[in-house]
Amino acid sequence: MKIAVVSGKGGTGKTMVAANLAFTLSLTRDTTLVDCDVEEPDLHLFFPASETSLDVTVPVPIVDEKICDRCGKCGESCQYGALTVLKDRVLFFPELCHSCGGCTLACDKGAIKEGKMRVGQVTTSHPLPRLTLITGILDEGKPLATPVIRAAKERAAWADPVILDSAPGTACPVMETLDGSDACILVTESTPFGLHDLRLAADVVEMLGVPAGVVINRSDGNDGTTRELCENRGLPVLMTIPFEREIAQIQNQGRLLCAVRPSWQKDFSSLFSECERITGGVR
Amino acid sequence: MVEWMKVCITAQGPTPAARVEERFGRAPYFILMDTSTRSFEALENRYAEAYGGVGPKAAQLLIAHGVEALVSGQVGGNARDVLAAAGIAMYVYRAGGTVMDAFEKLIGNQLERAG
């Protein structure tokens, strides 16, 4: 079972929920936690441990200037403006390349070969006896997160259960994380921004057909509007975490709520059972 | 004595009476003008609304049409690289007037060269 933890609005508590859920599960079974927020991964802060690392590369075109006859077909075929054919050479902008391979196909002279460009890395660590942490890290300056997220997910392809901590928002990185997930936990807070962005996130999971439930974090007890939205959208509220100074303190110290206050393990176990329920059964 | 024969001016509309568009890559139109005959040709920029990579695409269009000099308000980094590599001169116009006004200022040597 693969569970993606997503939010519309950033800062609602995805990492907190993902970390505590994975920690609790790992007490009784082998669990894998994947940090898919590759632009700013932070799970390693809660689970420090030594890591092994693998490069993530994407294919990019290499033009053989000796064979190239400047016909311009590669530049025309590139939808992203990454290749420009001049009179005397071909200019390539790696940051615009989406690695689609179209240029290689378009060239009928065999002047384009595939090279590799590093865009990030995936690290693996074992912070607890039954917990594997896989972290995707996008290199600074590289614009596309999706290849690194895909590589991180691939490392967890055969694991079960897998908890995926997503990037905030509803853009490509989130879609990539959600793709192939069995269930989704939407973490929200009962504020106008939280509500607005929860609606957007609900649209996404609905469109992707991923069964989802909501965790209301930092609740002050006045969650009426949020609960109403959840009911209208057919999203069960799986858990409510109160707005408590002590919980914030534990988080700020980089510690886990379920480790410091073991009574919370029961709640996160139930959260997992609820996820199994909304997917229609144990996987 | 004018240095360039074929010049391009970024425009908001398809004629020299249109206002100059300050942005290069997302300009709705490129007005190509011949400095000796003063004739013009309007090219529609079909990449204007693209997500990205518009600079190189627009520069490629100018190269394909044999443009020697460009008059615009802002030219992004990637476009600048392509234009420089192709040897196309870049001039700055931000006065808010028409394409015709920019053209007259160019041939009157009143525009600052930016590349």
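This is a predicted model: local features need pLDDT of at least 70, side-chain atom pairs count only at pLDDT 80 or more; totals for chains, interfaces and linings use all residues.
**Helix α7 of chain A and its surroundings**

In chain A, the buried residues of α7 pack against β1 (2–6), α6 (172–178), β9 (183–188), β10 (212–219) and α8.

The residues of α7(A) that are buried are Gly194(A), Asp197(A), Leu198(A), Ala201(A), Ala202(A), Val204(A) and Val205(A). Because these buried residues fall within an arc of 160° when the helix is viewed down its axis, they line one face of α7(A). On the other side of the helix, Pro192(A), His196(A), Leu200(A) and Met207(A) are exposed.

Among the elements packed against this buried set is α8(A), and here the geometry can be described in detail. Helix α7 (residues 192–208) and helix α8 (residues 224–232), both of chain A, pack with their axes 10 Å apart and at an angle of about 10°; since angles under 35 degrees count as roughly parallel, α7(A) and α8(A) are therefore roughly parallel to each other. From α7(A), the contact is made by Leu195(A), Leu198(A) and Arg199(A), and from α8(A) by Thr225(A), Thr226(A) and Leu229(A). Sorted by class, the residues of this contact are 3 nonpolar, 2 polar and 1 charged. Leu198(A), one of the residues that make the contact, is also listed among the buried residues of α7(A).

The length of the helix can be checked as well: at 1.5 Å a residue, the 17 residues of α7(A) should span 24 Å, which agrees with the 25 Å between its end C-alpha atoms. Just after α7(A), Gly209(A) takes a positive phi of about 70°.

How values were computed
Residues are numbered from 1 along each chain as its sequence is written. Chains are lettered from A and ligands numbered from 1 in the order in which they are written. Axes are lines fitted to C-alpha atoms, for helices over the stretch in contact, and angles run from 0 to 180 degrees between N-to-C directions. Helices (H or I, at least four residues) and strands (E, at least two) are DSSP runs, numbered from the N terminus. Angles under 35 degrees count as roughly parallel, over 145 as roughly antiparallel, 65 to 115 as roughly perpendicular and the rest as oblique. Two residues are in contact if their C-beta atoms, placed from the backbone, lie within 7 Å. Ala, Val, Leu, Ile, Met, Phe, Trp, Tyr, Cys and Pro count as nonpolar, Asp, Glu, Lys and Arg as charged, and the others, Gly among them, as polar. The expected span of a helix is 1.5 Å times one less than its number of residues. A residue is buried if 20 or more other C-beta atoms lie within 10 Å of its own, exposed if 12 or fewer, and partly exposed in between; C-beta atoms are placed from the backbone. The arc is that of the directions from the helix axis to the C-beta atoms.
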